[in-house]
Amino acid sequence: MIIREAKPEDIFSIVNFQIAMAKETEGIELHLPTVELGVKAVLNDASKGRYYVTEVNDEIIGSLLTTYEWSDWRNGTVLWIQSVYIKPDFRRKGVYRNMYSYLKHKVLEDEKLKGIRLYAEKSNISAHKTYKKLGMNPEHYTTFEWLK
């Protein structure tokens, strides 16, 4: 299992994962050209975020996106994990755990990085269990949003 930062040539895997995840988790059909432009924007501009992928035998089996939150309280950056997708055949095999460990190591090694946050769909109980097993907790904040 190899975890690495995504490259531009990984775009189609990541786009397909995003399309599949939206349908699977929220029953939403995403607009393919919009998703392609959104993923490409991140791959071309690291200030927007970074995608990471996991490969097994040269096949991309999972990806996630990190974005940045500046914390004035901590004088540093908190990474937000978003858009996590693992191919169904590879779930419950430690793929996300390894990706999370990879990111946690990056945070521990970089004084400018202060922590990791994520949000999960309220009904995605299996994801909640995974995050709790990794030492994350849901007790600190409630997320509110307004989306156009």
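Predicted model: local features only at pLDDT ≥ 70, side-chain atom pairs only at ≥ 80, totals over all residues.
Residues are numbered from 1 along each chain as its sequence is written, and side-chain values use heavy atoms, with hydrogens and water left out.

The sheet itself is open and consists of five strands in the order E1-E2-E3-E4-E5, with mixed pairing; two strands are taken to pair if DSSP finds at least two bridges between them. E1 and E5 are the edge strands, each pairing on one side only, and neighbouring strands are turned against each other by 30° on average, direction ignored. Strands of a sheet pair through backbone hydrogen bonds, either parallel or antiparallel. Both senses can be followed from E4: E3 and E4 run antiparallel and are joined by nine bridges, whereas E4 and E5 pair in the parallel sense over five bridges.

Helix H3 lies across E1, E2, E3, E4 and E5, and runs at about 155° to E5; axes are lines fitted to C-alpha atoms, for helices over the stretch in contact, and angles run from 0 to 180 degrees between N-to-C directions. E4 is mostly covered, with nine of its eleven residues buried, where buried means under 20% relative accessible area, exposed over 50%, and partly exposed in between (1.4 Å probe, protein chains only).

The largest nonpolar core has 20 residues, of which Leu64, Ile81, Tyr96, Met99, Tyr100 and Ile116 touch the most other members; such a core is a set of buried Ala, Val, Leu, Ile, Met, Phe, Trp, Tyr and Cys residues joined through side-chain atoms within 4.5 Å. At least two residues of this core come from each of E3 (59–71), E4 (76–86), H3 (95–109), E5 (113–118) and H4 (125–133), and H3 gives the most, with six residues. Apart from this core lies another of 15 residues, among them Val35, Tyr51, Leu65 and Tyr85. Leaving aside neighbours within four places in sequence, Ile116 is in contact with residues including Val78, Ile81, Tyr100 and Met136, contact meaning heavy atoms within 4.5 Å.

Glu55 belongs to strand E2 (residues 50–56) and counts as buried because its relative accessibility is 15%. The side chains of Glu55 and Arg4 are joined by a polar contact of 2.9 Å, that is, a pair of N or O atoms within 3.5 Å of which, within protein, one must be able to donate a hydrogen and the other to accept it, residues adjacent in sequence counting only if both atoms are side-chain atoms. Asp10, in the loop between E1 (2–5) and H1 (11–26), counts as buried at 4% relative accessibility. Beyond its neighbours within four places in sequence, Asp10 is in contact with Arg4, Val53 and Ile60.

Notes
Helix = DSSP H or I, 4+ residues; strand = E, 2+ residues; numbered from the N terminus.
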